[in-house]
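Let us walk through this structure together, one place at a time. Please keep the sequence and the model side by side as you read.

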Amino acid sequence: MHIVFLACNKNAKLFRKDPSYIYRCENLGSALRQQGHDVEFIHLKHFRFSSPDVVVFHRPRMSIRLRLLILWLKFKGVMVVAEFDDLVFDLDYAEFSPGVLNNVLSLDKTRGNYARQQDVLGLFDVFTVSTAPLQEHILVLRPERHVIVLSNAVHHTWRQKEVGVGRGVDWSHPTITYLPGTKSHDRDFRVFAKGLAKFLNDYPQVRLQVTGPLQFDLPVRPEQIIRREKVPFSEYHEHIQSAWVNLSPLESTPFTRCKSALKVIEAGAWGKPTLCSPFPDSGRFLGSGAIQVTSDEELYKELVKLLNPEYYASYVEGLRKKTLALADINKVAQQFVDHCAR
């Protein structure tokens, strides 16, 4: 098959650096290439009027250009697919956008963005999404459509990397990592802040390394906090490998209920456990990297347990292998092909 993954973001120069596009399009597309398919990665603005077998529109939003292109592709018999990995297409939930809750974007602007993405739903008959809750939302809005859950998976380049796998923990200064990808995670972090502060005060040898934008102020010793600037995806794994334990806190909202367990997957790929808030997709990794906590007390208790080297070694034994099996992009690619062939 000839498959095109079409980016629909505003900046055509930066779409290959977008983590969402990297995971939802490049990762899948690279696995499809390994299976022998002809795959292209391109931006909407640069699409040539060719006739591939399938065009996947990544986070499409309504525009005259997009509408005309879809109508033309359908006329040519091309299968068109809309891909969403966040709850950004239902106006009823715009107020729960992390951008709004963290005062990064106004509600009016967010509603405008959501409206353009909700309007586009009627142009598609087939959708791919990253989680089951996202599938439920689209089926409420478009009950007659075909919605496929293609779960996020370990990046294909990480499957071949062995350097650093199983890197030992520096028990003189165990490092907790948190890697917020955008400026809209301040409220998420606060979910763990109290329990984390108590733990860091009780165990002064432990460090917290935050890589990426985050506004926070924990009442702990200054030397316990390590701040790093956001890094490109190509360097991301180096920061994860420095972890003793990884964090994935999420404020409980309809938006975060639809999130994928990507932070759990990324840490598990390098044999690192993740303490996370309970949300549906993380349930896939219970006992295999995801440790769900629902209170400050539970967070503190689990951190103390993992501070025991023998307990930690037992927990992380075989974790990379389990993660690669549970989040296998080659299986996801075959799932995509099977649905396209129907």
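Asp-281 and Arg-284 form a salt bridge, with their closest N and O atoms 2.9 Å apart; the term stands for a side-chain nitrogen of Lys or Arg within 4 Å of a carboxyl oxygen of Asp or Glu. Asp-281 is buried at a relative accessible area of 7%, whereas Arg-284 is partly exposed at 29%. Here buried means under 20% relative accessible area, exposed means over 50%, and partly exposed lies in between (1.4 Å probe, protein chains only).

Before going on, a word on the model and its numbering. It is a predicted model, in which local features need pLDDT of at least 70 and side-chain atom pairs count only at pLDDT 80 or more, while totals for chains, interfaces and linings use all residues. Residues are numbered from 1 along each chain as its sequence is written, and side-chain values use heavy atoms, with hydrogens and water left out.

How many salt bridges does the structure hold? There are 14 salt bridges, including one between Glu-40 and Arg-48, whose closest N and O atoms are 3.0 Å apart. Another joins the side chains of Asp-86 and Arg-59, at 2.6 Å from N to O. Because Asp-86 sits in the loop between E4 and H3 and Arg-59 in the loop between E3 and H2, this pair ties together parts that are 27 residues apart in sequence. (Helices, H or I with at least four residues, and strands, E with at least two, are DSSP runs numbered from the N terminus.) Asp-86 is buried, at 10% relative accessible area, and Arg-59 is partly exposed, at 24%. Arg-59 and Asp-86 also belong to a network of salt bridges that takes in Asp-85 and Lys-259.

Stay with Arg-59 for its backbone. Most residues other than glycine have a negative phi. Arg-59, although not a glycine, has a positive phi of about 50 degrees. Asn-103 is also not a glycine, and its phi is positive at about 60 degrees. You will find Asn-103 in the loop between helix H3 (98-101) and H4, where it is exposed with a relative accessible area of 70%.

Move on into helix H4 (residues 107-119), where Thr-110 lies. Thr-110 counts as buried, at 2% relative accessibility. What does it touch, apart from its neighbours within four places in sequence? Thr-110 is in contact with Ala-94, Ser-97, Val-100 and Leu-105, contact meaning heavy atoms within 4.5 Å.

Helix H5 (residues 132-141) has Pro-133, Leu-134, His-137 and Ile-138 as its buried residues. They lie on the same side of H5, because they cover an arc of only 140 degrees around the axis, judged from the directions from the helix axis to the C-beta atoms. These buried residues pack against strands E4 (79-84), E5 (126-129) and E6 (146-149), and against helix H9 (254-257).

For a view of the surface, turn to Ile-64 in helix H2 (residues 64-75). Ile-64 is exposed, with a relative accessible area of 68%. Together with Leu-68 and Leu-71, Ile-64 makes a nonpolar surface patch of about 340 Å².

Finally, step back to the domains. The domain assignment gives domain 1 (2-150) and domain 2 (160-326), with bounds that come from an automatic or database assignment. Their centres, taken over C-alpha atoms, are 29 Å apart. The contact takes 20 residues from domain 1 and 18 residues from domain 2.

Key: Patches are made of residues with over 30% relative accessible area and no salt bridge: like charges are joined within 9 Å, nonpolar side chains (Val, Leu, Ile, Met, Phe, Trp, Tyr) within 5 Å. Accessible areas come from the Shrake-Rupley method with a 1.4 Å probe; for residues, only the protein chains shown count as cover.
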